[in-house]
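Hi,

Here's the structure I promised to pass on.

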Amino acid sequence: MKYILIIGDGMADNPVPELGGKTPLEAAEKPFIDSLAAKGVLGTVRTVPTNQPPGSDTGIMSIFGCDPNKYYTGRSPLEAAGTGVEVNAGDVSYRCNMVCLEDGDMPFEQKRILSHSAGSIEGEESIAIVNALFSDPEFKAEADKLGIKVWPSPSFRHIVTQRNGDVAGAYFQPPHDILDKVIGDYKFSGNENAENLWKLMEHAHKVLDHHPLNESRRERGLKPANCVWFWAEGTAVQLPSFVEQYGKYGGVVSAVPLCHGIAVLTGLYPISVEGATGETETNCEGKVQAAFDALMKGDSFAAVHLEGPDEATHNGNLEEKLLCIKYLDSRIVKPLCEKLDAAGVDYRMLILADHKTLMSTRGHDGEPVPYLIYDSTVDTGCGLSYTEKNGLTGPFIDAGTKIMGELINK
């Protein structure tokens with residue numbers, strides 16, 4: 001028996017007026033997933049503990065059997081592990097987003113944040129802009145004084161580490177939660193280090209706003225990456241072994257460092273696929289092939305993570321969220337199942353979101369999400385489709401840390 005986890009990041013939602021009161025899961029084209037639901041087990045699971053911030057960090061940690069109340073120190077150390085960045089004892093890691101602030105001559109704190117990802121900037125352009133920032137002599141001097149070092153990534157998601165950073169009592173607002181809001185209302189506070197990092201971001205905006213690389217983006221009709229945003233602060237972390245908990249070993253296919261970091265820290269291995277972007281248009285076929293190949297070479301477990309639904313929602317793009325769910329069905333789940341069926345392999349598959357991401361707010365929500373467990377050797381006669389409402393008709397799992405045990409039937 002093989003065991004497969006499929007995560008549609010942020011695909012669960014609340015009813016959307018533009019869909020006639022349906023949720024995206026209810027409205028999207030996903031006939032194959034619904035056919036699995038009709039033969040499987042539907043339920044609802046609280047992936048994010050009620051006392052933890054809703055996000056992929058806390059949600060996916062729980063799904064992999066790691067209680068955030070015991071192990072969570074922040075999102076960034078998980079991402080750092082996924083990119084090979086070591087966070088030493090006593091140091092702090094942060095996510096360093098490339099963001100877009102509105103144009104205008106108003107003071108920094110009066111500007112609104114238009115995009116948490118600088119219009120989904122990626123590749124060498126993102127690396128070039130963040131390197132230009134950290135090579136600016138005055139900015140570099142300020143960053144060095146604070147013990148800040150950047151670790152560029154070919155996306156809008158960079159990592160910075162800080163020697164002996166102090167985050168006690170400080171809070172750094174996630175940028176995707178304050179889209180179209182005036183940033184001064186969310187100014188970092190709580191201790192001197194937080195205030196200094198805010199000043200460093202203000203300096204970054206001065207350096208980047210009219211940098212030639214950003215003027216080129218404007219000329220091409222793209223959002224400028226005219227600031228950085230520090231958040232997801234955390235210290236060094238250790239997670240329990242997946243193999244010891246569940247007796248299974250395998251790989252995690254994803255385009256985002258967070259999932260790869262959780263894989264590394266739990267004793268699984270990360271699988272990167274060329275052309276996987278974390279956006280709507282991504283190499284779904286490559287992800288399917290990578291997961292299938294891992295299972296065929298002898299692994300007993302494989303996970304496939306699709307970031308697109310979450311990013312589409314943060315961008316306020318309902319059409320793309322529906323398309324991402326359609327792709328999850330037609331380009332991920334269906335071909336993977338067909339490959340396994342053709343190979344004569346018995347398998348159990350868990351499909352769920354790590355958390356809700358709401359079209360109404362463009363932000364995360366920690367309410368329970370629907371899950372589907374399909375066993376290729378069993379027809380439960382359930383007869384229902386995979387939706388939030390139908391999930392409520394089945395078992396309720398009060399902690400996400402229990403859901404992997406349900407998949408592996410331990």
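**What turned up**

Helix α2 (residues 31-39) and helix α14 (residues 318-342) have axes that come within 8 Å and cross at roughly 55°. Axes here are lines fitted to C-alpha atoms, for helices over the stretch in contact, with angles from 0 to 180 degrees between N-to-C directions. Helices are DSSP runs (H or I, at least four residues) and strands likewise (E, at least two), numbered from the N terminus. The two helices are therefore oblique to each other (under 35 degrees is roughly parallel, over 145 roughly antiparallel, 65 to 115 roughly perpendicular, the rest oblique).

On the α2 side, Pro31, Phe32, Ile33 and Leu36 meet Leu328, Asp329, Val333, Lys334 and Cys337 of α14 (contact means heavy atoms within 4.5 Å).

As for charges, the structure holds 20 salt bridges (a side-chain nitrogen of Lys or Arg within 4 Å of a carboxyl oxygen of Asp or Glu). One of them joins Lys187 to Glu109, with the closest N and O atoms 3.1 Å apart. That pair links distant parts of the chain, 78 residues apart: Lys187 sits in the loop between β6 (157-162) and α8 (192-208), and Glu109 in the loop between β3 (92-101) and β4 (113-115).

Before you use any of this: it's a predicted model, where local features need pLDDT of at least 70 and side-chain atom pairs pLDDT 80 or more, while totals for chains, interfaces and linings use all residues. Residues are numbered from 1 along each chain as its sequence is written, and side-chain values use heavy atoms, leaving out hydrogens and water.

Cheers
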